[in-house]
Amino acid sequence: MEKIFGRPECLTEAPFTYCPGCGHSIAHRLTAEVIDEMKIRDKCIGVASVGCSVFSDMFFNFDFVQAAHGRAPAVATGLKRVKPDCVVFTHQGDGDLASIGTAEMIHSANRGENITVIFINNAIYGMTGGQMAPTTLIGMKTTTSPAGRTAKYMGYPIRVCELLSGLGGVAYLERAAVNNPQGVSRAKRALRHAFEIQVAGLGFTLVELVSQCPTGWGLRPTDAVKWLEKEMKAYYPLGVFKDVSETKSQAVPHA
Amino acid sequence: MAEERILMKGNEAIAEAAVRAGCRFFAGYPITPQNEIPEYMSWRMAEVGGTFIQSESEVAAINMVYGAASAGARAMTSSSGPGISLKQEGLSYLCGAELPCFYANIVRGGPGLGNIAGAQSDYFQSTRGGGHGDYRVVVYGPSTVQEMVDLTMLAFDVADKYRNPAMILGDGILGQMMEPVVMRPMKDYDPSPKAAWAVGDSAGRARHYISSVYLSPGTLEKHNVRLLRKYQKIEATEVRYEAVGIEDADVVAVAYGTSARVVKSAMSMAKAGGKLRLGIIRPISLWPFPKEIIREVAGRVRDILVVEMSFGQMYEDVLISACGRAKVSLLARTGGGVPSEEEIIEAAERARKSKDAVEIYPAGE
């Protein structure tokens, strides 16, 4: 009998600590599948960040380093420069990457560090209790914007892919969403492409995964999936924002 | 390369000594008065096949060092007070994750932006840990350019031995001064012992992970006690100091770095004057602090005089070490002020004549 589905080899036995319906665990599973398929487990070094994914080092069955809040791209820079033959990636949430770690994100991208950032954008700080994130949508209620985010007092949600797309060191930027099977499949292709570009040594790669956070959003998992589809995708268009491995490097929306 | 005697600036001597100790990763950000270190490393690392990164911030620099150290490299950064403050977050993580690294603080006057003159006011920050949590870093206070070479090389070894950061606490004067030094030969640094814990190339072994997170109840306390045992071992084995003229001294000065240089000149001056016998205990390791020798000397001299370019920071360590067995006085300068030989002799004489300990500070506005 042929086994057609199983646990990826590079995931440990540790159960995910994420809430039901969370996008982080989908991202981990996809990352693990891609690493298995590319047979690069022995060369992989993951960098865990701070937030809900703080325990991601427990889930992957290869070398991992835990970084301080926002500093994962700097840690990954040090790792990759010392071990240029290794595949180095970070797994970061929106608060970690686009708020406290903005400088590390922009400058590692601009230096063209040959690393991959897996960016989970769920528009909220999950671990600390649902506070406003740099990616929280206008009008969205959080524990620190109880009346809803206003642009006047809290500024605008940051679009990371668009922000980074003008930087010279960036090789590949894609935004996908993990709220339906089509999106998950697209997200996996994006992750694979990012790792392949890293292996080819072409520069900085980032895959933004727009993800649902039912707990932080105060929605049932099924409603969170729908809310992402309607609200998040309207502000965060999916697509490839840069890809130096292709001739066309303009933003290409998904079909 | 064999040993050679050359004229070198303190900052450049630290950089070359680091390269010869096997350092192949440098990340740093410009700040006066330490700029010669990254400038030197920018071409020297290229020569020896290492990595030099001018980082976007001090915060990024120490985290790049964290990554490089995780991969088993001998890695370093350097800065001056304001930048070292920014590195404290990363240093706390390096200590928590038990990663070795070397860094130099070429101290300038603080607080705040302060000035760019040499000072010793980062003593507390260096010897108390500096960032959050229960930890220590090994701190060396060189007083010559030669010591900047030798202690830099030692610091790399000590950092690796204990898997903990080790630093040079210099100052703007030592960083900028030129002195003849004997440069040590290039070390054939062997990173293989780090394969037991470093990350990268995991074929054929269980995964390695480097972390300072211990969330399960009780696990952090156990981890911290393990760190404590390590720190106790460092305190028992890594103390370094120089003692001169303490046998027959009327007053024993305690001073490190630049202050100790001036105390030594004052000792010659006092000896020529014939009225005061001045000795010195010069802590070389500031943490671990040479408590024992101070305690011992405090038992047999009446007067100890702490001379420092800060408001009585090391003074507290000397008071703790002397344990009330001697009168401990203080001559403090701050904000880039350097004590003169005359000030030191006058302070020693005042201390000797006074019934109680005296604390001498510079005149304010």
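Domain bounds here come from an automatic or database domain assignment. For chain B that assignment gives domain 1 (4–237) and domain 2 (243–360), and the C-alpha centres of domain 1 of chain B and domain 2 of chain B lie 29 Å apart. Please keep in mind that this is a predicted model, in which local features need pLDDT of at least 70, side-chain atom pairs count only at pLDDT 80 or more, and totals for chains, interfaces and linings use all residues. Residues are numbered from 1 along each chain as its sequence is written, while chains are lettered from A and ligands numbered from 1 in the order in which they are written.

Helices and strands are DSSP runs numbered from the N terminus, a helix being H or I with at least four residues and a strand E with at least two.

Next, look for the open sheet of seven strands in chain B, in the order S3-S2-S4-S5-S7-S6-S13 with mixed pairing. Two strands pair if DSSP finds at least two bridges between them. At the edges are strand S3 (51–54) and strand S13 (285–287) of chain B, each pairing on one side only. Within the sheet, strand S4 (residues 75–79) of chain B pairs with strand S5 (residues 101–107) of chain B in the parallel sense over four bridges, and B:Met76 stands opposite B:Phe102 in S5(B). Helix H3 (residues 58–70) of chain B packs on this sheet, touching strand S2 (25–28), S3, S4 and S5 of chain B, and its direction makes about 165 degrees with that of S4(B). Axes are lines fitted to C-alpha atoms, for helices over the stretch in contact, and angles run from 0 to 180 degrees between N-to-C directions. Helix H6 (residues 145–162) of chain B also packs on the sheet; S5, S6 and S7 of chain B are touched by H6, whose direction makes about 160 degrees with that of S7(B).

Another open sheet in chain B has six strands in the order S10-S12-S11-S14-S15-S16, again with mixed pairing. Its edge strands are strand S10 (241–244) and strand S16 (359–360) of chain B. S10(B) pairs with strand S12 (residues 278–283) of chain B in the antiparallel sense over four bridges, and B:Tyr241 has B:Pro283 as its bridge partner in S12(B). Helix H10 (residues 291–298) of chain B lies across S10, strand S11 (251–254), S12 and strand S14 (303–308) of chain B, at about 160 degrees to S12(B).

Two packed helices are described by the angle between their axes and the distance between the axes. Helix H9 (residues 257–273) and helix H12 (residues 341–353) of chain B pack at an angle of about 70 degrees, with axes 8 Å apart. H9(B) and H12(B) are therefore roughly perpendicular to each other; angles under 35 degrees count as roughly parallel, over 145 as roughly antiparallel, 65 to 115 as roughly perpendicular and the rest as oblique. Among the residues that meet here are B:Val262 and B:Met269 in H9(B) and B:Ile344 in H12(B).

Finally, turn to where the chains touch. In this interface, 27 residues of chain A are in contact with 29 residues of chain B. H3(A) gives the most to the chain A side, with eight residues. The residues of that side divide into 14 nonpolar, five polar and eight charged. Two bridges also join S2(A) to strand S9 (residues 209–210) of chain B, and these strands run parallel. There, A:Val65 has B:Ile210 as its bridge partner in S9(B).

Technical notes: Contact = placed C-beta atoms within 7 Å. Nonpolar A, V, L, I, M, F, W, Y, C, P; charged D, E, K, R; others polar.
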